[in-house]
Amino acid sequence: MKLFVYHTPELTPKVGLPDCAIAVDILRATTTISTALAAGAEAVQVFSDLDELAKTSELHPEALRLRSAERGGKTVEGFDLGNSPFDYTHERVNGKRIFMSTTNGTRALQCIQAVPVVLAASMINLGSVLAYLQKTQPPTVWIVASGWEGSYSLEDTACAGAIAAGLDWEFGNDEAIAAKCLYQQWSDRLEELFRHASHGQRLLRLGGDLDIAYCASIDKVKVLPKQISSGVLAASNEFQ
């Protein structure tokens with residue numbers, strides 16, 4: 001088994017696909033997707049384009065849908081939800097489909113949607129992701145960090161490193177080695193690391209202190225977000 005890490009969607013190879021790809025956007029899309037599915041959401045459908053989100057969501061029953069959009073860390077006006085995991089309570093999302101667009105995370109998911117197995121990983125569901133990989137042993141895995149508007153992010157790399165540290169696999173590129181080293185250096189101070197990160201600083205300016213603490217916590221939920229159709233993730237019960 002071979003593990004590759006890519007710091008942004010733009011850095012993924014243009015030719016060839018892995019057996020499994022994992023999107024990571026710790027602050028906050030994949031953390032929020034995991035939270036929503038653990039709280040009983042029927043599925044999360046991701047979009048990079050807001051107009052496409054609006055058009056597609058109109059086809060879903062109004063009582064069973066929620067529209068979620070974030071740009072620059074803030075909720076987009078006119079949408080039901082933003083990107084804070086604390087908005088995705090059982091009372092709000094249970095049984096509903098979330099139509100979601102975020103600045104970075106949904107771009108990463110759309111980049112890998114043609115891969116046979118697509119997962120969403122975060123610190124809060126790390127154990128579920130590792131359990132799936134250890135049981136299924138896909139020959140090649142890409143971990144695709146979302147980054148921030150095309151640039152590197154500390155928090156996403158730390159999560160990629162946490163996955164790498166939990167697997168005794170061959171590394172496919174130097175980025176995977178670097179990610180593991182970063183996680184090992186900061187594994188007992190993840191919240192501090194996330195606060196140092198540029199996007200962590202943005203969230204702090206927006207009052208996202210509690211969000212950062214939550215996003216840095218390990219195994220808060222037992223859920224495996226897995227793509228069931230192009231751009232649609234649902235909770236898988238495999239190996240839970």
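S153 is buried, because its relative accessibility is 4%, below the 20% cut-off for that class. The model described here is predicted. S153 sits in the loop that joins β8 to α6, the latter spanning residues 154–165. Its side chain makes a polar contact with the side chain of D156, at 3.0 Å.

S153 and D156 also take part in the lining of the largest cavity. Rolling a probe the size of a water molecule over the atoms shows where empty space is left. In this structure, one cavity reaches 30 Å³ or more. The largest cavity holds about 40 Å³ of space. Besides S153 and D156, its lining includes D25, L27 and N104. G147, W148, E155 and H199 complete the list. By residue class, the lining is made up of four polar, three charged and two nonpolar residues.

Strand β8 itself covers residues 140–145. One of its residues, W142, takes part in an aromatic contact. A pair of aromatic rings is described by the distance of the centres and the angle of the planes. Four aromatic pairs are counted in the model. Among them is the pair of Y6 and W142, which is edge-to-face. The ring centres of Y6 and W142 are 5.4 Å apart, and their planes make an angle of 75 degrees. Y6 belongs to strand β1, residues 2–6, and W142 to strand β8, so the pair ties together parts that are 136 residues apart in sequence. Y6 and W142 are both buried. Together with F4, Y6 and W142 make up one aromatic cluster.

Another tryptophan, W186, has a charged neighbour over its ring. R189 lies over the face of W186, and the distance to the ring centre is 4.1 Å.

Helix α1 runs from residue 29 to residue 38. Nine of its 10 residues are buried, so the helix is largely enclosed by the rest of the structure. Just after α1, the backbone at G40 adopts a positive phi of about 105 degrees.

Methods
Residues numbered from 1 in each chain as written. Predicted model: local features only at pLDDT ≥ 70, side-chain atom pairs only at ≥ 80, totals over all residues. Heavy atoms only, no water. Phe/Tyr/Trp six-rings, centres within 6.5 Å; stacked < 30°, edge-to-face > 60°. Helix = DSSP H or I, 4+ residues; strand = E, 2+ residues; numbered from the N terminus. Buried < 20%, exposed > 50% of the residue type's maximum accessible area, 1.4 Å probe, protein only. Lys NZ or Arg CZ within 6 Å of the ring centre and 35° of its normal. Polar contact = N/O pair within 3.5 Å; in protein donor to acceptor, adjacent residues only side chain to side chain. 1 Å grid on protein atoms, 1.4 Å probe; cavity = no way out; pocket = protein on both sides within 12 Å on 5 of 7 lines; lining within 4 Å. Points joined across faces, edges and corners; volume = space filled by probe spheres on them. Nonpolar A, V, L, I, M, F, W, Y, C, P; charged D, E, K, R; others polar.
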